[in-house]
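The sequence and the structure come first, and the description follows.

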Amino acid sequence: MVDNEGIWSRGGSNVEDLPDPFAPAGAPPRVGPDGLPQEKPKRRRRWPLVLYAISAVFFVTLIWLIVTAPLSRALEPLDDPAILLVSQEGQPIARRGAIKEAPVDVTKLNKLTPAAFVAIEDRRFYSHWGIDPRGIGRALVANMQAGGVRQGGSTITQQLAKTSFLSSNRSMKRKAQEVIIAFWLEAWLTKEEILSRYLSSVYFGDGVYGLRAASKHYFGREPENLSLAQSAMLAGVVQAPSRLAPTNNLKLAQARSKLVLNAMADTGVIGRGRAKATWPARPIYRSSKIPTGTYFADWVAPEARDAFESDFGEVKVKTTLDADLQRLAVRAVSRAATGDMQAALVAMRPDGRVVAMVGGKNYGDSPFNRATQARRQPGSAFKLFVYLAALRAGWTPDSKIEDRPITIDGWTPANSDGVYRGEITLREAFARSSNAATVRLSESVGRANVLRAARELGITTPLPNSPSVALGTAGVNLLELTSAYAAVASGRYPIRARGLPADEEAGGFSGLLQGGGRMDNRRDWAPMLDLLYAAANNGTGRRAALAVPTFGKTGTSQDNRDALFVGFAGNLVVGVWVGRDDDKPLGRNISGGTVPAQIWHNFMVSAVAVDGRAGPPLPGEFKIPEQVRPRKERESPLPEEWSKGAEPLRKVLREIEKLFE
């Protein structure tokens with residue numbers, strides 16, 4: 001070994017100048033412009049960039065808060081406040097949404113009330129500067145010992161930041177934003193202001209936000225008058241409002257309030273003796289609980305929310321529902337012989353005000369509204385539009401139509417009873433609900449005119465341009481179909497179903513801007529009433545006939561999957577549907593003229609007695625046919641199927657009956 005050899009040299013050269021033995025084979029050494037080996041550049045450290053990025057986000061967030069974030073957001077009402085829907089008489093129907101009352105000021109509360117929240121939620125609230133490292137460490141230790149999340153390290157300031165400015169999702173980004181906003185709140189607000197905003201916005205379960213709403217809801221008093229026990233119970237609720245609400249689990253809420261009292265004793269707010277002697281509070285007893293949902297409430301709620309602006313407390317919204325008629329509707333559906341079938345009923349005024357709605361046999365079992373959400377085949381109830389189009393084209397109830405088999409594009413509609421009567425009047429074809437005659441009439445006047453009539457009367461669902469559309473093979477909902485019949489009852493179209501009272505100006509100049517039209521008295525309104533009267537009194541709907549003038553039409557879809565009766569009498573237009581949710585057939589014994597007509601009749605008998613017989617004025621051109629008498633009339637013992645030779649005998653019997661009238 002030569003003298004200059006050492007541990008830092010090899011072959012007389014410094015080891016740092018030797019080639020890298022681990023470099024890829026064939027890789028040329030890095031040399032500079034002077035031909036000498038060039039040192040490998042050192043990797044730049046990235047942690048300063050990360051630090052700069054974090055600092056930039058921090059300052060940008062602060063600038064955003066200072067410029068745009070409103071300090072009073074926690075004191076504002078909810079964007080989607082609670083509404084109390086009431087009937088037209090003022091009876092509560094349903095309560096929807098969350099309640100938030102006016103803000104509280106901690107300086108005006110009993111000192112023990114804010115102290116209870118501070119003791120259980122953030123003991124070092126008055127000493128920390130937005131976040132509490134000691135509290136975070138204590139929570140981590142407790143959670144590790146418990147094997148799960150048992151305590152939270154968030155301060156009251158952080159909770160205010162989260163509820164007022166951020167979403168509820170858990171992520172590192174949101175947690176970082178929460179910390180920054182907490183610092184900002186501590187810099188701009190006093191501790192009393194932070195606590196006031198927190199107590200004014202925190203959730204207390206049962207759909208109530210803020211201390212004022214919670215104290216009224218659970219104890220029926222203002223927050224300034226809360227007792228120690230009541231304050232402790234409310235302070236305990238905020239940890240898990242849904243689980244600890246005293247109306248849901250009183251024992252658990254009382255146990256939690258004991259922990260709050262002990263925490264207050266630990267912080268010296270009250271003595272140990274008082275904490276042990278304080279008896280747990282109990283919420284006030286509520287004798288009647290207003291439901292959060294009904295079929296009508298679910299339907300009208302979106303319209304009701306658009307009718308007012310956000311405000312504190314509960315907004316009372318008057319609807320068009322008639323409480324008495326609603327009870328009659330529920331009774332008529334619940335008592336009907338429907339078995340395992342479902343049923344729906346809609347009752348409205350001729351101008352579209354919905355006064356009763358039943359979307360199924362039991363809302364608790366199924367809130368799906370079969371009156372507004374389901375699209376089912378209306379069957380022969382759709383023939384209203386076919387015959388209206390014919391009347392507009394110049395046909396009359398006495399015009400003749402062939403009731404014989406007809407084939408269109410390989411499709412042959414059949415009459416439900418299998419009987420074809422040859423040449424009959426439109427009145428008889430409509431009353432007997434002849435499918436063959438109706439399709440022949442639709443093809444004669446043009447399907448486009450039939451579809452136009454349906455659209456003008458308010459049907460908005462898709463309608464195919466096919467021969468079968470005349471028999472109601474396209475799905476519609478019961479509410480729209482009933483509104484179309486309301487157009488005939490009122491003589492104007494379209495009628496839009498609504499659940500809120502119309503504006504006072506609707507009857508004035510603004511009402512003229514709503515569009516629509518009126519039925520011609522002589523050409524189509526009076527003749528259409530003639531047809532509907534015949535169907536409800538002499539035809540397939542005679543089970544629905546009342547002692548007052550009754551108008552309506554039955555409907556039975558393909559394979560008896562849907563059965564309907566839609567009609568009007570007095571000042572009510574009512575639609576009834578019966579069917580199965582799985583769309584299975586109802587059986588040959590169920591049609592629009594059986595169970596639906598019976599439900600309609602049972603409801604209307606009581607409804608007319610309550611509501612009165614008076615309805616909108618009918619056109620002077622319409623006269624109740626003399627040959628059709630009220631349902632209470634004694635019927636001839638001779639069946640109609642007998643030969644014409646028995647007609648003289650029937651005339652004699654009618655003359656005898658007149659002697660007893």
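If a salt bridge is defined as a side-chain nitrogen of Lys or Arg within 4 Å of a carboxyl oxygen of Asp or Glu, the count comes to 29 salt bridges. The model is a predicted one, in which local features need pLDDT of at least 70 and side-chain atom pairs count only at pLDDT 80 or more, while totals for chains, interfaces and linings use all residues. Residues are numbered from 1 along each chain as its sequence is written, and side-chain values use heavy atoms, with hydrogens and water left out.

Side chains of opposite charge can pair when their charged atoms come close.

| Lys216 | Glu101 | 3.9 Å |

The salt bridge between Lys216 and Glu101 links distant parts of the chain, since Lys216 belongs to helix α7 (residues 211-219) and Glu101 to the loop between β5 (99-100) and α2 (112-121), 115 residues apart. Helices here are DSSP runs of H or I with at least four residues, strands are runs of E with at least two, and both are numbered from the N terminus. For accessibility, buried means under 20% relative accessible area, exposed means over 50%, and partly exposed is in between, with a 1.4 Å probe and protein chains only. By these cut-offs Lys216 is partly exposed because its relative accessibility is 31%, whereas Glu101 counts as buried because its relative accessible area is 19%. Both residues also belong to a network of salt bridges that links Glu101, Arg212, Lys216, Glu222 and Glu224.

An α-helix has 3.6 residues a turn, so residues three or four places apart point the same way. Asp324, at 34% relative accessibility, is partly exposed, and Arg327, at 45%, is also partly exposed.

Arg392 is partly exposed at 23% relative accessibility, while Asp524 is buried, with a relative accessible area of 1%.

Helix α14 also holds Phe385, which is buried with a relative accessible area of 0%. Although Phe385 and Leu451 are 66 residues apart in sequence, their C-alpha atoms are 7.5 Å apart in space. Helix α4 (residues 156-165) is mostly covered, with eight of its 10 residues buried, among them Ile156, Leu160, Ala161 and Phe165.

Where does the backbone show a cis peptide bond? Such a bond joins Tyr493 and Pro494, with omega of about -10°, and Pro494 is found in the loop between β12 (492-493) and α19 (509-512). Most residues other than glycine have a negative phi, and most peptide bonds are trans. Asp206 has a positive phi near 55° and is located in the loop between α6 (191-201) and β6 (208-209), where Asp206 is partly exposed at 33% relative accessibility. Asp583, in the loop between β16 (572-579) and α21 (595-611), has a positive phi of about 65° and counts as partly exposed at 35% relative accessibility.

Grid points are joined across faces, edges and corners, and a volume is the space filled by probe spheres set on the points. On this basis there are two cavities of 30 Å³ or more, and the largest cavity has a volume of about 60 Å³. The lining of the largest cavity is made up of Arg370, Ala374, Arg376, Pro378, Val476, Asn477, Leu478, Leu564 and Trp577. With Ala, Val, Leu, Ile, Met, Phe, Trp, Tyr, Cys and Pro taken as nonpolar, Asp, Glu, Lys and Arg as charged, and the others, Gly among them, as polar, this lining divides into six nonpolar, one polar and two charged residues.

Note on methods:
On a 1 Å grid over the protein atoms alone, a cavity is a set of points where a 1.4 Å probe fits but cannot get out, and a pocket is an open set with protein on both sides within 12 Å along at least five of seven lines; lining residues have an atom within 4 Å of a point.
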